[in-house]
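Let's walk through a protein model together, one piece at a time. Keep the picture open beside you and find each part as we come to it.

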Amino acid sequence: MKLLLPIALSLLAPMPALAQTTGAAPVAKPAFEADRSDILAMAGTYKVKFDMQESTSWRADYTPIPVKVSGGNEVVRVIEDNGKTIRLQHLLVVDMGEGKKMVIKHWRQDWQYEPAKVLVYSDRDAWTWTDVPAAERKGAWSQTVYQVDDSPRYGGWGKWVAVGGQRRWVSNETWRPLARRDAVRGPVYDRYLGVNRHAVSPAGWIHWQDNLKMDGATTPVVQEYVLNSYTRFSDFDVKAADDYWAATKGYWAAIRGEWDRIAATKKGIRITEEADHGTVIAGRVLEIADEIQQGKTSEADGIKTAKALMDQATRAAN
């Protein structure tokens, strides 16, 4: 949704005199560096609030579900930054009581400057490569979001722009599979067509979505608005998340590399989706990481097992 700002022009009024300054005016960052700063600013430790609301029904026989609000404590770490590619890994830390903490490897977001192509959700169980039009590529960043097992979830591209003095990244319209919150209910819709926006705030950052929920025939069912607020917060067991990542980062690097290989050699990714975890192998791929951290299996054996699962579960996209 574009914000239209009224512009008031007064050509007849005299121009005010410029005030005298004693120092040089601050120099704005070049756009590329400003973009990078905003992306990197999303790393940190946060209290997260997920606020999801179905609003307008597009079918006379559908009633929007009640507002759903949830949250948790999340650690976001930069796991790669080579200038034009930035990868951010999210890790949830859940207090299980009696001093026990559980770390859940959450989503990952990869940012790429001026990408030639992006891996996008194209249909049920399928992610395919889409070329970014040359006219839209200059100055743009793609954001590709990955699921808990590092399989793709959705991808899109857009630019960081300033509106009303506030910088935000706005995506093109992107397809995505159902989130777990919806998938486990077996709703009449089976995909979203959404626009994503990200913006850094004084307290942290926000991710808000405008989602059109649709059925398999791409018929509109209901509109949904999602606001995910990340507020800086560190009064939780951040070390649990960092310990998990230190023990499993080699394994997950291999998993990322294997997904990249599959997407390249199979011209995309086809894998069966599953309501609870995203893909049919996600539960086992996550268990292997836990076994590596607990010393129940070696990293090499875990990687070998996971790669075999991934290769067997995926099919050529075309």
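What is the mean pLDDT of the protein chain? The mean is 91, and 91% of the residues reach 70 or more; pLDDT is the predictor's confidence in each residue, from 0 to 100. Residues 1-22 are another story: the pLDDT there is below 50. Beyond near neighbours in sequence, that stretch has five contacts in the model, where contact means heavy atoms within 4.5 Å. Where pLDDT is low, the predicted coordinates should not be read in detail.

A bit of housekeeping before we go on. This is a predicted model, in which local features need pLDDT of at least 70 and side-chain atom pairs count only at pLDDT 80 or more, while totals for chains, interfaces and linings use all residues. Residues are numbered from 1 along each chain as its sequence is written, and side-chain values use heavy atoms, with hydrogens and water left out.

Now for the helices. Helices (H or I, at least four residues) and strands (E, at least two) are DSSP runs, numbered from the N terminus. Two packed helices are described by the angle between their axes and the distance between the axes. The axes are lines fitted to C-alpha atoms, for helices over the stretch in contact, and the angles run from 0 to 180 degrees between N-to-C directions.

Start with helix 4, residues 238-265, and helix 6, residues 299-313. Their axes come within 10 Å and cross at roughly 25°. That makes helix 4 roughly parallel to helix 6; the naming rule is that angles under 35 degrees count as roughly parallel, over 145 as roughly antiparallel, 65 to 115 as roughly perpendicular and the rest as oblique. Sorted by class, the residues here are eight nonpolar, two polar and five charged. (Ala, Val, Leu, Ile, Met, Phe, Trp, Tyr, Cys and Pro count as nonpolar, Asp, Glu, Lys and Arg as charged, and the others, Gly among them, as polar.)

Helix 4 also packs against helix 5, residues 282-293, at an angle of about 120°, with the axes 9 Å apart. That makes helix 4 oblique to helix 5.

How are helix 5 and helix 6 angled to each other? They pack at about 175°, with their axes 10 Å apart, which makes helix 5 roughly antiparallel to helix 6. Arg284, Ile288 and Ile292 of helix 5 make the contact with Glu299, Gly302, Thr305, Ala306 and Leu309 of helix 6. By class, that is four nonpolar, two polar and two charged residues.

Next, zoom in on a few single residues. Tyr192 sits in strand 11, residues 191-201. Is Tyr192 buried or exposed? With 1% relative accessibility, Tyr192 counts as buried; buried means under 20% relative accessible area, exposed over 50%, and partly exposed in between (1.4 Å probe, protein chains only). Leaving aside neighbours within four places in sequence, Tyr192 is in contact with residues including Arg153, Trp175, Pro177 and Leu212.

Asp190 lies in the loop between helix 3 (180-183) and strand 11. Asp190 is buried too, at 18% relative accessibility. Arg124 is 66 residues away along the chain, yet the two C-alpha atoms are separated by 8.2 Å. Arg124 is also one of the residues in contact with Asp190.

Over in strand 13, residues 220-232, you'll find Ser229. Ser229 is buried, with a relative accessible area of 18%. Not counting residues up to four places away in sequence, Ser229 touches Lys47, Val48, Lys49, Trp205 and Ile206.

Finally, look at two loop residues. Thr218, in the loop between strand 12 (204-214) and strand 13, has a positive phi of about 55° although it is not a glycine. At 38% relative accessibility, Thr218 counts as partly exposed. Lys267 has a positive phi of about 55° as well, and is not a glycine either. The loop holding Lys267 runs between helix 4 and strand 14 (269-270), and at 54% relative accessibility Lys267 counts as exposed.
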